[in-house]
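Visitor: I am new to reading protein structures. Please take me through this one, a question at a time.

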Amino acid sequence: MYEELTINRLYDLNETIAARLFDGLVYPWEALPKIKDFILTLGPTLSKDEYDQVGEDVWIAKDAKVYPSALINGPAIIGKGAEVRHCAFIRGNAIVGEGAVVGNSTELKNVVLFNKVQVPHYNYVGDSILGYKAHMGAGSITSNVKSDKTLVDVVVAGERIHTGLKKFGAMLGDQVEVGCNTVMNPGTVIGPCSNVYPLSMVRGFVPEKSIYKKQGEVVKKV
């Protein structure tokens, strides 16, 4: 087991309504195939004083702000105080945490955004989990399918962890900062409190409290 890649090392589960999604799991990507069913189970149990069910399998907190031009397909849960801005497209199987921002022309699909996550400008986030206060700069995206359509591995120090998943974008730990126009290739895992330079192409594992400058140049924060 690679301890640095485990759920408990990457995420504070107190900062998501989806904490029970991770019960019994070791690595966070193991939750990706379970997101849909989890939402369908959790949604009907949400307080009717705090959430409205709008359409089929879509629950939106009463104090969330959803712009009229946003499109939300279920299953989906939009948390308290969240903001879903102009022309955002939530394709389904999405949990948007409390106080999170889903911005202009951002697209989500099969994701969990922990509380206070920001994906505010032209982002694509698919088959991914973003930890508490993670932020993706304008135009940064997760690439969730390999060009040859083979199953995704996570590469750590030259070793490969077989995930068995065809679709797997990125696991961003708590308080990760991703620079503008960055591409995170399938199977990317970034440890908590790390920063990624703008215009980066990230692949594999970036340790916690690191600065990713480019492939092969990753330094620890001081």
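This is a predicted model: local features need pLDDT of at least 70, side-chain atom pairs count only at pLDDT 80 or more; totals for chains, interfaces and linings use all residues.

Visitor: Which residues is S200 in contact with, leaving aside its neighbours within four places in sequence?

Guide: To find S200, go to the loop between β21 (195-196) and β22 (201-202); strands (E, at least two residues) and helices (H or I, at least four) are DSSP runs numbered from the N terminus. Once neighbours within four places are set aside, the contacts of S200 are N181, T182, V183, Y212 and K213.

Visitor: Is S200 buried or exposed?

Guide: Buried means under 20% relative accessible area, exposed over 50%, and partly exposed in between, using a 1.4 Å probe and protein chains only. S200 has a relative accessibility of 6%, so S200 counts as buried.

Visitor: N115 is another loop residue. Which residue has its backbone nitrogen 2.9 Å from a polar atom of the N115 side chain?

Guide: N115 sits between β10 (107-113) and β11 (118-121), and with a relative accessible area of 9% N115 is buried. Setting aside neighbours within four places, N115 has contacts that include E15, T16 and Y132. A polar contact is a pair of N or O atoms within 3.5 Å; within protein, one must be able to donate a hydrogen and the other to accept it, and residues adjacent in sequence count only if both atoms are side-chain atoms. The backbone nitrogen 2.9 Å from that side chain belongs to E98.

Visitor: How many salt bridges are found in the whole structure?

Guide: Side chains of opposite charge can pair when their charged atoms come close. A salt bridge here is a side-chain nitrogen of Lys or Arg within 4 Å of a carboxyl oxygen of Asp or Glu. A search of the whole structure gives a total of 9.

Visitor: How many residues apart in sequence are the parts that E50 and K80 tie together?

Guide: E50 and K80 form a salt bridge, with their closest N and O atoms 3.1 Å apart. E50 is in the loop between α2 (35-42) and β1 (51-53), while K80 is in the loop between β5 (76-78) and β6 (83-84), so the pair joins parts of the chain whose separation is 30 residues.

Visitor: What is the N to O distance in the salt bridge between D127 and K109?

Guide: D127 belongs to strand β12 (residues 124-130) and K109 to strand β10, 18 residues apart. Both D127 and K109 are buried. Their side chains meet with an N to O distance of 2.6 Å.

Visitor: Which two residues touch the most other members of the largest nonpolar core?

Guide: A nonpolar core is a set of buried Ala, Val, Leu, Ile, Met, Phe, Trp, Tyr and Cys residues joined through side-chain atoms within 4.5 Å. One of the pair has contacts beyond four places in sequence that include Y11, I129, M136 and I190. Of the 68 residues in this core, those touching the most other members are W29 and L172.

Visitor: Which strand gives the most to the lining of the largest pocket?

Guide: On a 1 Å grid over the protein atoms alone, a pocket is an open set of points where a 1.4 Å probe fits, with protein on both sides within 12 Å along at least five of seven lines; lining residues have an atom within 4 Å of a point. The largest pocket holds about 190 Å³ of space, a volume filled by probe spheres set on points joined across faces, edges and corners. Of its 14 lining residues, the closest to the centre are K146, D153, N185, P186 and R203. Giving 4 residues, the top contributor is strand β15.

Visitor: What is the omega of the cis peptide bond from G74 to P75?

Guide: P75 lies in the loop between β4 (71-72) and β5. The bond leading from G74 into P75 is cis, with omega near -5 degrees.

Visitor: What is the phi of C87?

Guide: C87 is in the loop between β6 and β7 (89-90), and at 36% relative accessibility C87 counts as partly exposed. C87 is a residue other than glycine, yet its phi is positive, near 65 degrees.

Note on methods. Residues are numbered from 1 along each chain as its sequence is written. Side-chain values use heavy atoms; hydrogens and water are left out. Contact means heavy atoms within 4.5 Å.
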